[in-house]
Amino acid sequence: MKRKLMSLLLAGAMTATLFAGCGGSDDAPATDSNTDNNVEDTSASDDVADDVSDEAEGQVLKVAAFAGGYGEEMWNEVAAAFEASHPGVTVEMTANSQLEDIIGPQIQAGDAPDVVHLATGREAALTETLTREKLLLPLTDVLDMTVPGEDVTVKDKIIPGFLDTLGTNPYNDGVTYYAPMFYSPCGLFYNAGLFKEKGWDIPTTWDEMWELGDKAAAEGIALFTYPTTGYFDAFTFALLSSAGGSDFYNKCMTYEDGIWESAEATSVFELVGKLASYTESSTVANANGDGFTKNQQLILDNKAIFCPNGTWLPGEMADAERAEGFEWGFMAVPAVNEGGNSVSFTFFEQMWIPSEAQNPDMAKEWIAYMYSDEAAAIFAKAGAVQPIPGMSDSLEGDNKLFYSIYDDGATAVMGGFATTDPVEGVSIADSLFATVDSVVSGDVAVADWQASVEEASDKLREAMPE
């Protein structure tokens with residue numbers, strides 16, 4: 001097992017694939033520690049609760065959590081609160097912004113954490129790798145557990161829609177493997193103060209975007225920048241949904257034959273190709289893990305107008321210098337088709353349990369606790385919003401602006417690519433998103449980019465589980 005895991009983890013970075021939409025398989029992962037667990041038997045949640053209450057004394061729960069824009073302190077605080085509400089349990093918390101570097105070797109050595117908070121879509125692709133190789137425990141029974149300290153089930157505390165995507169059910173078989181965590185509307189950030197200063201109107205169509213781009217260029221300001229090409233996932237997903245609607249979007253996510261050569265897909269490729277000519281010239285050079293904040297700084301310095309990102313951006317740039325009169329602005333991606341709605345992709349993070357976890361019952365209790373009012377309040381103080389009804393009502397300031405985007409008429413989109421069996425050397429994320437740098441630099445033509453995505457889609461379609 002250790003040798004297999006080592007080879008899988010090394011391969012993961014080359015085969016990263018995003019999940020979360022519609023598509024899938026009838027195969028439910030089988031794991032060594034879950035061979036007797038019938039995930040369709042909802043009474044299992046009662047057994048978990050009984051085991052936890054009977055055996056809590058002296059238990060150690062190893063939790064590993066990605067600490068990005070929200071920081072580490074909230075994880076330490078929620079761990080302390082969990083210990084207080086579960087006497088006898090000690091939480092060993094590992095929170096780090098480079099979590100894969102820490103837990104990857106641990107998993108290889110057979111010392112996996114009990115529960116992990118680590119989203120899909122990261123460069124190291126650890127979550128994707130373990131998922132493709134069916135090395136996670138099902139969490140369907142957790143949904144029927146009672147939230148610790150409350151009288152409501154986990155599934156009743158989660159906003160409808162979050163449990164119906166490949167972001168939680170990666171095999172599309174009705175079995176949940178990822179618990180949905182902090183969610184973030186994604187869109188285009190800008191300096192609202194600049195628009196007030198210049199007397200510019202906020203563009204609502206792409207024709208208006210191009211007009212603004214020409215007007216700004218005359219004043220030495222670029223229309224667009226991006227942190228890294230990884231941020232083109234939410235941006236592109238919004239464009240695809242806008243261009244062809246939900247059915248078209250789902251066909252893209254499940255690699256339907258010819259879908260990336262369709263008129264709808266072509267309009268998206270061509271739109272991004274045109275946007276490349278409006279992108280700030282230093283963007284590509286800094287579109288990496290070391291320089292991405294320099295691209296984000298372009299917005300604060302009025303050197304570029306729009307930057308695709310999620311609600312964590314203001315926190316990341318909280319201490320950065322900014323132009324006089326700077327004020328965060330946020331808008332959905334303008335509709336591709338005339339008369340359509342603007343669109344905002346909703347990104348959410350995931351929590352999961354490795355199949356090699358030593359304390360899976362307490363790990364499930366921890367996940368159930370993530371949806372308690374107590375835990376949600378701790379997270380919210382750091383700007384991390386759980387997908388719990390009513391959470392956005394208590395937000396203030398910039399977060400209130402960001403999370404009200406759907407109240408202002410934007411269409412919500414959730415979900416990404418369906419999981420497949422590994423295909424050596426093929427990554428739909430690399431083909432669709434990472435190539436954007438080369439498109440912007442002029443090294444790759446839009447037509448060639450589009451053809452490479454169709455080629456990758458063809459190969460992945462053949463690797464879809466039966």
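So, how many aromatic pairs does the structure hold? The count is 36. Keep in mind that we're looking at a predicted model.

Let me take one of those pairs. The rings of Trp206 and Trp210 have centres 5.3 Å apart, and their planes sit at 40 degrees. Planes under 30 degrees apart would count as stacked and over 60 as edge-to-face, so this pair goes down as tilted. If you look at the sequence, both belong to helix α8, which covers residues 206-217, and they are four residues apart there, so about one helical turn separates them. And here's the handy rule: an α-helix has 3.6 residues a turn, so residues three or four places apart point the same way.

Phe326 and Trp328 are both buried.

Rings can also link up into a cluster. Here, ring pairs join Phe237, Tyr249, Tyr255, Trp260, Phe269, Phe345, Phe417, Phe433 and Trp449.

Okay, last stop: helix α4, residues 99-108. Which residues are buried there? They're Leu99, Glu100, Ile103, Gly104 and Ile107. Those five cover an arc of only 115 degrees around the axis, so they lie on the same side of α4. After the helix comes Gly110, with a positive phi near 80 degrees.

That's my tour, thanks!

Notes
Residues are numbered from 1 along each chain as its sequence is written. This is a predicted model: local features need pLDDT of at least 70, side-chain atom pairs count only at pLDDT 80 or more; totals for chains, interfaces and linings use all residues. Side-chain values use heavy atoms; hydrogens and water are left out. Buried means under 20% relative accessible area, exposed over 50%, partly exposed in between (1.4 Å probe, protein chains only). Helices (H or I, at least four residues) and strands (E, at least two) are DSSP runs, numbered from the N terminus. The arc is that of the directions from the helix axis to the C-beta atoms. Rings of Phe, Tyr and Trp (its six-membered ring) pair if their centres lie within 6.5 Å; planes under 30 degrees apart count as stacked, over 60 as edge-to-face and the rest as tilted.
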